[in-house]
Amino acid sequence: MEVDLDALLRNLRRVRQAARGAALLPMVKANAYGLGLAPVARHLMASLETEALWGFGVAAVAEGEALREAGWRGRVVVTAPAPPGEYARGARAGLTLALSEIAAVREWADAARDAGTRLAFHTEIDTGMGRAGFPAAEAAEWGRSVAEAAGDLLEWEGCFTHFHSADEADLASADAQEERFRAALALLPEGPRRVVHTSNSAAALRRAGFGGDVVRPGIFMYGGEAGPGTRPEAVASLRARLGLVRRVPPGTTVGYGATYTSRRQERWGTLTIGYGDGLPRRLAAAGGEALVHGRRVPVIGRISMDMTVVDLSELPGEVRAGDVATLIGSDGPGEIRVDEVAARCGTISYEILTGLGLRLPRTYRRAPAGA
Ligand SMILES: *Cc1c(COP(=O)(O)O)cnc(C)c1O
């Protein structure tokens with residue numbers, strides 16, 4: 001797996017430009033969408049101006065701890081509701097939690113008292129996503145209780161919501177969510193100005209209007225499309241070597257279930273990669289392809305855990321064991337985008353990227369300093 005960190009940074013800068021210079025809370029949850037938390041975070045820390053990088057967003061306390069280990073001392077917002085058992089750890093790591101109920105605010109205040117520090121939190125406001133957040137319509141009631149429960153132990157730093165359909169052609173539902181969000185904000189008690197954020201990649205890129213002070217991009221930075229009309233630079237490539245190249249006679253079967261049989265003499269190549277690396281098993285039956293010597297060749301038979309067979313018969317010239325096949329990425333004139341693989345498998349680029357396994361060595365490309 002190759003990760004082009006400079007392309008990742010350029011994609012992120014495009015999001016910031018579209019969001020009219022809003023500060024960035026890049027989402028690095030799920031091991032930076034499978035690309036590698038520490039290398040991605042370190043590259044952004046080293047490359048982004050202080051005022052641009054407002055913090056990092058993660059989904060779990062453990063991911064916040066991993067960011068600390070990677071050397072990040074700035075803000076870390078845990079955007080998913082943390083189980084109460086993890087609050088003490090969150091406090092020790094100095095994380096900022098997203099809270100969705102009064103009991104959680106009290107728990108976080110207890111953690112602050114125990115740790116002897118003031119801790120920050122954001123309130124999520126549920127405007128239709130339904131998985132977390134205080135109900136938007138009842139902001140007047142919970143707003144008062146949150147301020148009370150926070151007291152002096154906690155800093156109520158921000159408020160946010162999350163769009164469920166900002167990557168769809170019709171943005172009407174996002175407009176409606178924003179309206180509910182703004183109405184809720186207006187009902188909250190006065191206090192020090194709270195930071196407001198709403199936008200994932202799709203919303204930041206596709207909704208020109210209000211997005212808040214900060215945006216929370218993920219997929220676009222990592223090279224996945226974020227709805228119609230958004231085309232990022234490719235970031236992640238997935239390559240495997242041919243372990244074996246053979247000529248097979250007609251009637252040869254391949255893979256579990258023997259779902260493919262050669263009709264003539266064919267030349268097959270066995271790639272040293274499989275679903276154990278996160279190459280979706282479904283890809284084979286869905287017309288999956290690889291690039292070899294810059295040209296597309298079909299995957300044949302079922303994908304095994306550790307091996308995948310491609311038909312090289314149509315390639316001109318020699319193909320040898322050790323030659324490289326590209327499952328995602330560019331090779332000469334050919335390109336297979338992560339969104340193409342996802343569409344074939346009936347899923348989204350997020351699932352393909354986060355599914356790429358730990359067995360894959362990850363190499364990071366960046367321009368040398370000063371270049
Ligand atoms: C994952 C996530 C994002 C990023 O979404 P993308 O679609 O990947 O840009 C933003 N906000 C929250 C709360 C998230 O969980």
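Axes here are lines fitted to C-alpha atoms, for helices over the stretch in contact, and angles run from 0 to 180 degrees between N-to-C directions. With that in hand, helix H1 (residues 5–18) packs on H3 at an angle of about 60°, the axes being 10 Å apart. Bear in mind that this is a predicted model, where local features need pLDDT of at least 70, side-chain atom pairs count only at pLDDT 80 or more, and totals for chains, interfaces and linings use all residues. Numbering starts from 1 along each chain as its sequence is written, and side-chain values use heavy atoms, with hydrogens and water left out.

**Domains**
- The domain assignment of the protein gives domain 1 (2–222) and domain 2 (236–336); such bounds come from an automatic or database assignment.
- The C-alpha centres of domain 1 and domain 2 are 41 Å apart.

**H1 against H3**
- Helices (H or I, at least four residues) and strands (E, at least two) are DSSP runs, numbered from the N terminus.
- The H1–H3 angle makes H1 oblique to H3; under 35 degrees counts as roughly parallel, over 145 as roughly antiparallel, 65 to 115 as roughly perpendicular, and the rest as oblique.
- H1 and H3 cross in the right-handed sense, where right-handed has the near helix turned clockwise from the far one by less than a right angle, and left-handed anticlockwise.
- On the H1 side, Leu 5, Asp 6, Leu 8, Leu 9, Leu 12 and Arg 13 meet Pro 39, Val 40, His 43, Leu 44 and Ser 47 of H3 (contact means heavy atoms within 4.5 Å).
- Sorted by class, the H1–H3 contact has seven nonpolar, two polar and two charged residues; Ala, Val, Leu, Ile, Met, Phe, Trp, Tyr, Cys and Pro count as nonpolar, Asp, Glu, Lys and Arg as charged, and the others, Gly among them, as polar.

**H3 against H4**
- H3 (residues 37–47) also packs with helix H4 (residues 61–69), at an angle of about 60° and with axes 10 Å apart.
- H3 and H4 are therefore oblique to each other, and their crossing is right-handed.
- Leu 37, Ala 41 and Arg 42 of H3 make the contact with Glu 63, Ala 66, Leu 67 and Glu 69 of H4.
- The class tally for H3 with H4 is four nonpolar, no polar and three charged residues.

**Strand E15 and its partners**
- Strands E15 (residues 289–292) and E16 (residues 295–300) run antiparallel, joined by four bridges; two strands pair if DSSP finds at least two bridges between them.
- Ala 290 sits opposite Val 297 in E16.
- The E15–E16 hairpin has two residues between the strands, and His 293 takes a positive phi near 50° there.
- E15 also pairs with strand E18 (residues 324–331), antiparallel and over two bridges, with Thr 326 in E18 as the bridge partner of Leu 291.
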